[in-house]
Protein chains: 2
Amino acid sequence: MDTRRTRGSGPDLAAVARLLADGTRAAFCLALLDGRAWTATELARHVGVAPSTATEHLHALVRGDLLAEERQGRHRYVRLAGPQVAELIEGLGALAPGGGPAPRTLSAAGRRQALAHARTCYDHLAGTVGVAITDAMIERRLLDQDHGLALTPAGADWLAELGVTVPSGTRRPSVRSCLDWTERRPHLAGTVGAALCRHALDTGWVTRVGTTRALVVTGSGRESLQRHLGLADETLVGSGGAAAA
Amino acid sequence: MDTRRTRGSGPDLAAVARLLADGTRAAFCLALLDGRAWTATELARHVGVAPSTATEHLHALVRGDLLAEERQGRHRYVRLAGPQVAELIEGLGALAPGGGPAPRTLSAAGRRQALAHARTCYDHLAGTVGVAITDAMIERRLLDQDHGLALTPAGADWLAELGVTVPSGTRRPSVRSCLDWTERRPHLAGTVGAALCRHALDTGWVTRVGTTRALVVTGSGRESLQRHLGLADETLVGSGGAAAA
DNA sequence: GGGACACTTCGGCCGCCGCCGAAGCGTCCG
DNA sequence: CGGACGCTTCGGCGGCGGCCGAAGTGTCCC
């Protein structure tokens, strides 16, 4: 744990990594991957630590620019500081062990199943459904993956027809592949993935389950995804009941 | 430091992050970002710890799949386990504080200057020269950045003319933007960046400085980069002498 | 075979950091 | 205005983990 001596040149990797090196802080970040703002107590209860402990951790994460905070009355809302942070966390998750099976408790298993089916991953869609959408887009030549993922001209047209507008001129990649830690397969991220997710929520293709990151595909969503991408109903319907909040 | 209780679902972010959360291990990884294999003692001397300490750290990093090792005789060579790891480290570096100025010692300043001018960043080119190449490619419409970076058809032709072959069909993005921690600006990474870097080394456009990641542009390199990309001589010649190994 | 050298294992020391509970603000609401 | 509630600060405890040096193992080379 040596930060005293600054080791020559270069950025202080360890400082950032140390923020994520704690189970509690990592759990906070994982929860915040849903892209929304949580209050301090919500997070504390979510991971099972005392409020005082949560406060300290959140302080550290905010100081380290991983989280942004916003104070409203007696609440303190925190969210991920930006897409860069979300990508970092996903990148870490992709290399991490234990993304695989083996949940401990029954309720954890249910939660896991709901998440595995469909969820938001920061600002885009993930889980079985997210991967299925990505696969279908590739199959229909809306996306191209000769090396790396890219939007084809047909894909751009398709998005326009849906009425999905993708912000342009940003630094952020339009199409990025994000490794799914339940499916262990890549799904669509980047500005296109974000725009598509927003569209899906706005038009009611999917809705959130309680306060979690989990999503369910609505009736109209099933119909639309069937029509636009030819997705089968089986993949769109979660195999279990919705789980505890 | 709580790994006992597995916090619900999801990958164990903290396990990976903890590997990079130590100054010594982080320094190892930063050094290995040159994409080459180092021996254990080289690394130990590089960051100033006892060999026994280095051994333990390397063990942890290998066990955690961040490094790959290869044993040759009485040497143990380690290198980054893959591009994913390199990207993770770069991503961490981009968010880290202190990537900016303020070197402590004189020799560190010289080393820093050499690195700032031109260096390898895992398997592609970085530093002033790397950024200049990227900028020139964008200006000449070989790369397009309406949102995110992409190779244009003209860019593909240009590479073919140079005799640069880019491996296809990999998962890795062909073009990726990598944030430069000296320039604080993006430069070309991904399979195209790697292929171009390999070409530059193979054809002698650039050569390594001693055993560091630093590079110098050779005479023929200057001539080629001038002809193919219109780069000015000033940007290609380092402003300081080559520094200590 | 013997000596140099790269690496490893082990034991012991020390400091950091995460945890909690108690107590202290500030905000909201009746 | 008082009580509930969200958040914060502080002190104290405990354990993890990084550091080193000394001693051991394997490899190379003379």
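A: Two residues are in contact here when heavy atoms of each lie within 4.5 Å. Keep that cut-off in mind. The model is predicted.

Start with the nonpolar core. The largest one has 72 residues. Which residues have the most contacts inside it? They are A:Leu80 and B:Leu80. We follow B:Leu80.

Now look around it, leaving aside neighbours within four places in sequence.

Next, the strand. Strand 3 of chain B covers residues 75-80. Its pairing with strand 2 of chain B is antiparallel and runs over 6 bridges. One of the residues on that list comes back here: B:Ala68 has B:Arg79, in strand 3 of chain B, as its bridge partner. In general, strands of a sheet pair through backbone hydrogen bonds, either parallel or antiparallel.

Finally, the sheet. In chain B, 3 strands form an open sheet in the order 1-3-2, with antiparallel pairing. Strand 1 (38-39) and strand 2 (67-72) of chain B stand at the edges. Each has a single partner strand, so one side of each is left without a neighbour in the sheet.

Terms used: Residues are numbered from 1 along each chain as its sequence is written. Chains are lettered from A and ligands numbered from 1 in the order in which they are written. This is a predicted model: local features need pLDDT of at least 70, side-chain atom pairs count only at pLDDT 80 or more; totals for chains, interfaces and linings use all residues. Side-chain values use heavy atoms; hydrogens and water are left out. Two strands pair if DSSP finds at least two bridges between them. Helices (H or I, at least four residues) and strands (E, at least two) are DSSP runs, numbered from the N terminus. A nonpolar core is a set of buried Ala, Val, Leu, Ile, Met, Phe, Trp, Tyr and Cys residues joined through side-chain atoms within 4.5 Å. Buried means under 20% relative accessible area, exposed over 50%, partly exposed in between (1.4 Å probe, protein chains only).
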